[in-house]
Amino acid sequence: MGIVFVLVEAAAFATGIVLTRRITRAVADLYRGTQYVQAMDFSHRVQIERRDQLGELGESFNRMTGSISQLIEEENKRRRLENEISIAREVQNQLFPSTLPSVPGVEIEAICKAARSVSGDYYDFIQLSPTHIAIAIADISGKGISAALLMASLQAALRSQLLVEGSERLSMIELVSRLNKHLVRNTGDDRFATFFIAVYDSATRTLRYTNAATCPHFSSARTPHYNWIKAAWFLGVLEDYAYEEARSP
C-alpha cells in the first residue's frame with residue numbers, strides 16, 4: 001500500500017508539474033501577445049498546441065487581434081477615401097467659374113448644391129467677347145468621384161473649344177458634336193451626359209443654343225419669340241448623332 005501510495009503521489013506530482021508548465025507557458029504566450037497589442041502590432045498570433053480550454057483562449061485572442069487589425073485597416077481606408085474625396089471636392093469647386101462675366105444687359109447668378117460631397121453637376125459661364133457670353137449646364141451620369149472626373153474632362157474640352165479667338169461665331173451644332181465625339185471616344189459605354197449650351201449676343205440680343213437631353217428651359221416674357229427645339233440625345237452615346245441649333249429671336 002505504501003508503494004502504491006508513493007506511485008500515486010509521484011504520478012500526481014508529475015501531472016501537476018506538466019499542467020503547471022502548460023498553463024504557465026500558455027499564460028506567458030498570452031502575456032507576450034498583449035505586449036504586441038500594446039505596441040500596436042496586431043500581426044502576432046499565439047501558438048495553439050492543444051484543443052483544450054487554454055487552446056480556445058488562445059484562438060479567441062488570435063480572433064480578437066485579427067478583428068482589431070481588420071478594423072484598423074478599414075478605418076485607414078476610410079480616412080484615405082475621405083481625404084481623396086476632400087481633394088476631389090476642392091478641385092471640383094475650382095472648376096466652377098469663380099467670377100461672373102460682365103456683359104451689357106445680362107445679369108447672371110448660379111449655385112450648385114451636390115447631393116454628395118462630389119458629383120457630376122456642372123455649370124459654366126464663359127465670356128467670348130465684350131458682347132458675347134456662353135452659358136453651359138450639364139449633368140454627368142452617376143455620382144461620386146467618377147462623375148466628377150468626367151465632369152472635369154467635359155469642362156476642359158468645352159473651354160478648349162471656346163477660349164480661342166472667334167469662338168463667338170462657332171456653330172452650336174459643331175461645338176456639341178465635337179464634345180459628343182470626345183465623350184464617346186474617351187469614356188465607357190455606361191457614361192453619358194446631359195448638356196445645354198447657349199451663346200448670347202447682347203449687341204443683337206440674340207441667343208443661339210443646343211439642348212442635349214437636359215430638362216426644358218424657360219424663357220422670359222421679354223423674349224416672346226423664343227424658338228424652342230426638342231431635347232436631343234445625350235452626349236457620349238452616339239458618335240454621329242445630328243444635333244440641332246435654335247436661335248432667338
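Colleague: Arg 208: buried or exposed?

Modeller: Arg 208 is buried, at 10% relative accessibility. Buried means under 20% relative accessible area, exposed over 50%, and partly exposed in between (1.4 Å probe, protein chains only). Keep in mind that this is a predicted model: local features need pLDDT of at least 70, side-chain atom pairs count only at pLDDT 80 or more, and totals for chains, interfaces and linings use all residues. Residues are numbered from 1 along each chain as its sequence is written, and side-chain values use heavy atoms, leaving out hydrogens and water.

Colleague: Which side chain does Arg 208 meet in a salt bridge?

Modeller: Glu 245, at 3.7 Å, N to O. The two sit in distant parts of the chain, 37 residues apart: Arg 208 in strand S4, Glu 245 in the loop between S4 and S5. Strands (E, at least two residues) and helices (H or I, at least four) are DSSP runs, numbered from the N terminus. Glu 245 is partly exposed, at 26%.

Colleague: How many salt bridges does the structure hold?

Modeller: Nine. A salt bridge here is a side-chain nitrogen of Lys or Arg within 4 Å of a carboxyl oxygen of Asp or Glu.

Colleague: What does Glu 75 pair with?

Modeller: Arg 79, in a salt bridge of 3.1 Å, N to O. They are separated by about one helical turn because they lie four residues apart in helix H2 (residues 53-95). Arg 79 is exposed, at 54%, while Glu 75 is partly exposed, at 26%.

Colleague: New topic. How many residues are in the largest nonpolar core?

Modeller: It has 41. A nonpolar core is a set of buried Ala, Val, Leu, Ile, Met, Phe, Trp, Tyr and Cys residues joined through side-chain atoms within 4.5 Å. Phe 195 is among those with the most contacts inside this core.

Colleague: What does Phe 195 touch?

Modeller: Its contacts (heavy atoms within 4.5 Å) include Leu 154, Leu 158, Val 176 and Leu 235. Residues up to four places away in sequence are not counted.

Colleague: And Arg 205, where does that lie?

Modeller: In the loop between strand S3 (193-201) and S4. Arg 205 is exposed, at 57%. Leaving out residues up to four places away in sequence, Arg 205 touches Tyr 200, Ser 248 and Pro 249.
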